[in-house]
Amino acid sequence: MTISRRTFGLGALALTGAAVAPSIIAAATRPNVVVIGGGAGGGTAARYLAKAAKGDINVTLIEPTRTYYTCFFSNLYLGGFREFQSIGHSYGTLASEYGINVVHDWATAIDRSKKTVRLASGADVAYDRLVVSPGIDFKYETVPGYGITSANKMPHAWKAGSQTQLLKAQVENMREGGTFVMVAPPNPYRCPPGPYERISMVAYTLKQKNPKAKIIVLDPKEKFSKQPLFQEGWAKHYPGMVEWLPASITGKIEMVNAETMEIKAGGETFKADVANVIPGQRAGEIAMSAGLANQSGYCPIVPATMQSQMDENIYLVGDSTIAGDMPKSGFSANSQAKIAAMAIRASLTGSKLFPARFANTCWSLIADNDGVKVGAKYEATAEKIAKTEGFISKTGEDAQLRKVTYEESIGWYDGITKDIFG
Amino acid sequence: MRRLLILFAVCAAGQFGAVTGAPADNAAAFKQCRSCHQVGANAKNGVGPHLNGLFGRRAGSVEGARYSDDMVRSGQNGLRWTAETLDQYLQDPRKLISRTLMSFRGLKSAEDRAAVIAYLRTFSDKPSDIPEAAPTASTTSHDPALNPDILAIQGDTEYGEYLAGECVSCHQASGADNGIPSIVGWPTDIFVTAMHAYRNKSRTHPVMRMIAAPLNNEEIASLAAYFKSLKNH
């Protein structure tokens with residue numbers, strides 16, 4: 001089997017230094033790729049670019065945090081199945097083994113005409129190609145009364161880290177027989193099964209420490225990911241504890257009040273001892289301010305390459321994108337980042353470009369050794385990233401299969417975090 | 001927006017019969033054990049115990065077989081034969097059981113051990129209950145035999161590396177195994193046969209069926225070539 005090799009880029013080089021020997025040109029004009037965001041999307045993109053280019057491309061990764069806490073598996077920390085440190089990852093290997101220039105700073109603006117990224121510290125970083133992987137920011141207005149200043153009393157815990165620790169502490173210290181209320185997010189949002197895995201993990205903790213406690217989910221949606229699996233699991237493991245109330249029953253959320261811990265929905269007032277409010281979401285602010293999103297609040301991309309539809313020098317991966325049939329997940333971001341890295345390398349060095357294929361699997365833990373999963377494969381069509389194959393765990397599966405599924409998820413976590421952070 | 005053109009030519013002509021990485025003959029790998037161990041119908045204890053139904057068996061537990069005290073004690077202390085324990089034992093028997101009667105230097109090659117273990121797996125009651133993780137991953141009896149032309153396809157390692165992006169989101173490129181089996185360094189025929197078994201749905205794992213479904217013969221060969229080229233760390 002042979003695959004045609006694309007050879008372009010020489011024309012562009014000739015313009016910049018026609019009289020100089022080609023090898024010297026290559027060294028002098030080694031292209032710069034800047035990656036904004038060091039999560040599942042950005043970390044993978046940076047690592048795959050650096051790994052494949054073997055020094056032919058300068059890769060700079062801009063990420064404000066020194067230690068990145070993954071949202072995936074943060075629910076398992078809430079349930080007591082993981083230590084907090086086990087979901088934290090540093091960038092040392094990306095810097096030392098892959099030669100990536102890791103810059104711990106905030107990217108505050110993108111100048112698309114000058115092709116530079118402005119950092120909070122004041123510096124500008126020039127790029128030939130830019131990967132934007134900022135994740136999500138909140139649309140606070142979807143939950144009237146909620147805002148940044150309420151997040152201390154009513155944590156969202158939808159960006160892992162201190163918020164997750166705060167929510168865990170609140171759950172563990174909740175008064176006996178108290179009520180945990182979750183305000184679930186409207187579509188589309190990061191990690192579709194995540195709120196319901198969280199309910200499972202909170203229930204798991206409360207069943208042991210506070211068995212008379214109640215859990216209420218106020219949901220703007222009428223259905224959710226893996227719903228039959230979660231509802232079967234809640235009835236089996238936590239009978240009578242979890243009440244899921246879609247908007248058709250309660251009406252929409254009218255107001256939350258972090259001072260009184262009250263949530264009003266459909267004329268009814270719910271008094272919470274612990275409230276987990278997860279607002280609606282949109283692309284991370286930097287993608288919005290750079291004009292990379294459309295009116296949906298997310299960023300349209302070219303399915304075959306993850307290139308921005310707004311700017312051919314910019315590629316987007318992860319939760320901030322409109323990724324067709326793919327859900328917003330760490331696995332999806334990791335998958336998309338490999339396509340983006342391949343396409344960027346092809347555009348800069350003439351390396352091979354293969355047909356884009358994407359995959360995702362989301363594991364969720366319902367109780368001790370009761371794991372379920374949903375997954376699919378996707379390909380790029382002209383219109384979108386389209387699903388080709390899929391599967392989901394079934395209700396009524398035997399305990400052994402559920403245990404194997406959970407163990408598989410642990411292996412996956414090890415695998416994907418090494419694939420992201422090296 | 002630039003249009004990205006992908007040309008994709010498959011040139012398999014003239015390669016049939018040029019088998020690379022000759023199919024590991026698991027029975028042949030076991031040959032060196034036969035002077036002491038019998039297996040299969042009518043197998044009896046010889047110099048060493050018969051090896052029917054070995055998986056799940058307590059070490060040193062076959063009635064009428066000769067064992068060292070160390071082997072019997074290890075069994076009483078909980079040692080059972082699994083893919084993992086057999087792999088350790090076969091690599092260096094005296095390291096696991098210091099005064100074992102089995103005077104055998106051990107099999108240094110992971111491939112050879114995998115072949116022997118895969119062969120023995122077929123003589124256990126329910127091979128399907130024994131995990132397919134390396135080192136037992138093999139062309140087992142429940143995997144449909146492949147046309148030799150398919151096994152003969154030469155994979156493109158570079159294409160395989162690209163396609164492997166999907167695999168290494170779960171299977172670690174280092175060969176580490178913590179809940180998801182290692183797929184590094186497998187003999188290509190075993191890898192190819194396994195992937196075809198997922199593609200034609202004769203193996204059951206839903207994620208692997210999904211991953212294998214869209215892969216064509218050349219892509220499977222390319223993945224096999226790439227993972228064969230990796231080293232366990």
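In helix α7 of chain A, the buried residues are A:Gly194, A:Pro195, A:Tyr196, A:Glu197, A:Arg198, A:Ile199, A:Ser200, A:Met201, A:Val202, A:Ala203, A:Tyr204 and A:Leu206. That makes twelve of the 16 residues, and α7(A) is mostly covered. The model is predicted.

**Helix α7 of chain A**
- The helix covers residues 194-209.
- From its first C-alpha to its last, α7(A) reaches 22 Å, close to the 22 Å expected at 1.5 Å a residue.
- Among its buried residues are A:Glu197 and A:Arg198, as well as A:Ile199 and A:Val202.

**Helix α10 of chain B**
- This helix spans residues 217-229, 13 residues in number.
- Its first and last C-alpha atoms lie 19 Å apart, close to the 18 Å expected at 1.5 Å a residue.
- Twelve of the 13 residues of α10(B) are buried, and the helix is mostly covered.
- The buried residues are B:Asn217, B:Glu218, B:Glu219, B:Ile220, B:Ala221, B:Ser222, B:Leu223, B:Ala224, B:Ala225, B:Tyr226, B:Phe227 and B:Lys228.
- The cover over these buried residues includes three helices of chain B: α6 (148-151), α7 (157-163) and α8 (188-199).

**Sheet β24-β25-β26 of chain A**
- Three strands of chain A form an open sheet in the order β24-β25-β26, with antiparallel pairing.
- β24 (357-367) and β26 (385-392) of chain A stand at the edges with a single partner strand each, so one side of each has no neighbour in the sheet.
- On average, neighbouring strands of this sheet are turned by 20° against each other, direction ignored.
- Ten bridges join β24(A) to β25 (residues 370-380) of chain A in the antiparallel sense.
- A:Trp363 has A:Lys373, in β25(A), as its bridge partner.
- Helix α8 (residues 227-237) of chain A lies across β24 and β25 of chain A and runs at about 15° to β24(A).

**Hairpin β7-β8 of chain A**
- Strands β7 (residues 107-111) and β8 (residues 116-119) of chain A are paired in the antiparallel sense over four bridges.
- Opposite A:Ala109 stands A:Arg118, a residue of β8(A).
- The hairpin of β7(A) and β8(A) has four residues between the strands.
- In this hairpin, A:Lys115 takes a positive phi near 55°.

Technical notes:
Residues numbered from 1 in each chain as written. Chains lettered and ligands numbered in written order. Predicted model: local features only at pLDDT ≥ 70, side-chain atom pairs only at ≥ 80, totals over all residues. Helix = DSSP H or I, 4+ residues; strand = E, 2+ residues; numbered from the N terminus. Expected span 1.5 Å × (residues − 1). Buried ≥ 20, exposed ≤ 12 C-beta atoms within 10 Å, placed from the backbone. Pairing = 2+ DSSP bridges. Axes fitted to C-alpha atoms, helices over the stretch in contact; angles between N-to-C directions. Contact = placed C-beta atoms within 7 Å.
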